[in-house]
Structure formats: C-alpha cells, structure tokens
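Please consider the following structure, with attention to its aromatic side chains and its paired strands.

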Amino acid sequence: MTKLSARLQSVRKALQELTELKAFESYIRLGTVPEALHRLRTLAGDEQKFLDLCAGLSLKTLRDGRPTTHYTWRTAGDDKVRHAHAALNGRIFPWSDPPAGGHPGSAINCRCWADPYYGNPNVPDSLLQLSRSREVATSLTQQIAAIEKLVRPDGSIAASIIDVFDGTRIISVFQADSVSQKVLLPDGAAYQSVRSTGVQETTVHEVGRPKVTVAQLRIFAPWTTPPLPLASAVSQIEPSENQTEPITLVVGIVPVALRAAIRLFNAAVAAPHALGLGEGDIPVIAFRVWTGGTAGDVVNLQQESLTAEQVAQACRALPNVQTWTTEAATVNLPQRSSMSAREWGNNVHWAIHKRVEELKRAFPSTFANIFSELSVDGQRLDSTAAGGPRYGQRGTTRLDIVEKVNATMYCVYDVKTGTSGLSESRILEILSKLPKDILVYIVEVRPFE
C-alpha cells in the first residue's frame, strides 16, 4: 500500500469521514447515494486512488519535518517572560533534545518561539560536503522557472537561487541564525534583507535613486505591535550603532519593498524548502495601514513565515479557515470537471461563506470576530457596519475572510483556487479598504493543504 505523508493522510481521512457522512445523509433523505459522491467516497477510502486524485489536481505538499535540526530560543523580550525562559533566550537546542520544560511555546501561555538554526553549531559548514541540485520548470503554468540549492547532509538548506518567469531572481543564504535574502527585480531594482540574532537590516535600491538602508529590531513577533511609521517619506537612513527603537521603512508610490515582499511570499508558497521553510511554517505578509501621508500610503514591514506556534497566537482562525476551504472544495469536487475555473472558484467561496454564516448563527460569541465575503467601500466601511455598503455593492472590494483579532490587528485570509499567487494590485486593493493604523496579516489559503 502507498505510504502517504502525514498531511495527506490527514486530508484523506477527513475527506473519507465527510463523504461517509454526506452519503449517509443522502441515503436517509433520498433513499440513494449519488454516483459522484459514491465515487469520491471510494477514492478517499483507498490510499493509492487518493494519491492519484491528488496528483490529478496538482496538489502541493510540503516535506515532512522541521526545516533544521537545531533552533535558537527566542522570547518576546518583555517583563511578562518567565525567568526560566528569559535565561534560555538566544541559546541553541536540537529538536531531538528539548530543554527542561519542553520546546518554545509548549508551556501554558508561553509566547516564546523557535528561530531556525541552519546547520549544526558543533560542525562548521566548511567541514561538510554540501550537495547541489537544480530543478527546472516543466510547464509555463508554474510560477518558478528554476531553483538551484545547496543542502547540508542533515537536510537543512545552506543557499538557494530562485529564478521566476518574470525575470526576478531571489538569492538566499542560510547560515546558523543568520538569513540573507536578496531580490533582484526585472527593472534593476533590488531589495535585501539580512536578519541575525533577532535584528534585521533592510536595504532598498531603485534605479535612479540612492540606496535606502534601515535597521530595525525584530518586530514581527505576532504579539507585538509595531510603531507608527515616520511622519515623512524616507530618502536615506543609515543604521545607528545605538539603535533601540524599531524604524519602519517608507518608500515611494510603487514601493520596491512591496514588490519584493510579494515575490518572496509567492516563492515561499511555491518552493518552501528553497527558502528554508519546514512543514509547519506558514508564509504571510504583514503591513501597517498608515494614517499619515496620502490616502494610498501603506508601509511594508516584511515578508515572513510564522511557525505553527506563532500563528496560534496571531491568526488564530487559520486552522478553521483551512478546514472550511478544504471542505468547500471537497463538496464541489465531483462537479469540478464540468466547471470553468471561475465557476469552481465562485462555488468554493460561496460554500465557505455559507459555512461561516451557519457557525456564526450557531455559535455567535465564538465566531463574533470572523467575517466572510466582506464588502468594503472607499470610505473603509464594511458591510457589517451601520451605514456600510451592501454586499457586492458597486465600487466595493470583497474580502474572502477577515478575522478582527483586536482593534489594531486584522488577519485577512485570501482563498485561492487557481494557480496564481498574491499580486501587488490585490494587496494594495485590500490595504486601501481596511481601517487605518492597524497591522494587517495577509495569509493565502488553498484547498487540501
């Protein structure tokens, strides 16, 4: 029998349970089970047939396991951190041998997280024989044209070069707790991010303009609220040796940082291992909607990947949203071959919306901050507000699912049923309609992942 990965096995079992439930309901109500549902139930009950089904749908699966064998313990760095955990901050541990009390995030109410440590702290890379590989796209429908990787014997990635079909090149180096990523855009603009020991330095260069270098603390931890951006556009800022406050980068109308972050995000979704990600890491993009400057100004903080522990503290509805998306796709799967891509997407989105509305009626307090198919107008009012727009009203932007975490943080779940990734226009569209002065996490969700 075919050995499925843990993730696919979980999806298969969920599909099997769902189809059995639907088949039983259909038999009770109608006295028969539709042929399409019976066929889907059969596919879910056999591992090889289910794998063939997944291959036919071109489903993406991540490799099992952690991205590295070791990690660096990180804390939130405030006075709420336990003394025992504060003592562990910055120390390196193997995943196979946790310290007393367990790995970061395992203790009750622990806000610590594990930063990947690439390689083995006891064995320098110079003593290792790295393996080189190169993958080339076999279809123009793929986002990535080619990937070249250097991998350590333990499976962790040492470096990678990703070429995108639009001419973008992403060069990454992963060494110990330092990660360097450089994005070379087709028009000659460049973006580089270097993160080491919790401090990040970002450099942006646009053709015809001076380089902009900004030093900032690691402000992406989900439980922190980044500061407001500088009150005026930045022309050139060099990092200070005594930098104690985070600085947020502001660039022009077509920001290089925004374009680079989107390409990094889409590459992280399409080729997670090439960007040093593991099975539990979830690519996100975070922005702050700025109150200053012109109406369209937004600030790009950083493209990042959150661990499962971090997501549990930031975008808590993500596991539910993923389940609803997979269930919606499963219900519509028997008719998929007869639908256009647009019809397939509309049906999946509508099934998710109905599911969310059912849950909000059944459990109003639990899902009070979850909203689906939200229409937002140019005044940043949504369809749930008094005096807000009607659902689908002309001139509004529709957001798939919004989790209003609190007054200063939103999670926007963008459900994708096709092959295209997040675009600059879509992100700007989302940000232009959300309330100002909030931190926005944009998370892409796809069926069966």
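In this predicted model, F363 is partly exposed, at 45% relative accessibility, whereas F367 is buried, with a relative accessible area of 12%. The ring centres of F363 and F367 lie 6.4 Å apart and the planes meet at 55°, so this pair is classed as tilted.

Another aromatic, F371, receives charged groups over its ring. K360 lies over the face of F371, at 4.5 Å from the ring centre, and the charged end of K404 sits over the ring of F371 at 4.7 Å from its centre. Strand β14 spans residues 370-376 and is mostly covered, seven of its seven residues being buried. Its partner is strand β15 (residues 397-406), which pairs with β14 in the antiparallel sense over six bridges. Within this pairing, V376 stands opposite T397 of β15.

The count of aromatic pairs comes to six. One of them joins W73 and F93: the ring centres are 6.2 Å apart and the planes stand at 75°, so the pair is edge-to-face, the angle being over 60 degrees. W73 belongs to strand β1 (residues 70-74) and F93 to strand β2 (residues 92-94), so their contact ties together parts that are 20 residues apart in sequence. Are these two residues buried or exposed? W73 is buried, with a relative accessible area of 1%, and F93 also counts as buried, at 8% relative accessibility. Together with Y71 and W95, W73 and F93 form one aromatic cluster.

The account now turns to strand β6 and its neighbours. Strand β6 (residues 157-164) has seven of its eight residues buried, so it is largely enclosed by the rest of the structure. Strand β5 (residues 144-151) runs antiparallel to β6 and is joined to it by seven bridges; here A146 stands opposite D163 of β6. The hairpin of β5 and β6 has five residues between the strands, and in this hairpin G155 takes a positive phi near 95°.

Strand β6 is also joined to strand β7 (residues 169-175), by five bridges and again in the antiparallel sense. I161 has I171 of β7 as its bridge partner. Four residues lie between the strands in the hairpin of β6 and β7, where G167 adopts a positive phi near 100°.

Key
Residues numbered from 1 in each chain as written. Predicted model: local features only at pLDDT ≥ 70, side-chain atom pairs only at ≥ 80, totals over all residues. Heavy atoms only, no water. Phe/Tyr/Trp six-rings, centres within 6.5 Å; stacked < 30°, edge-to-face > 60°. Helix = DSSP H or I, 4+ residues; strand = E, 2+ residues; numbered from the N terminus. Buried < 20%, exposed > 50% of the residue type's maximum accessible area, 1.4 Å probe, protein only. Lys NZ or Arg CZ within 6 Å of the ring centre and 35° of its normal. Pairing = 2+ DSSP bridges.
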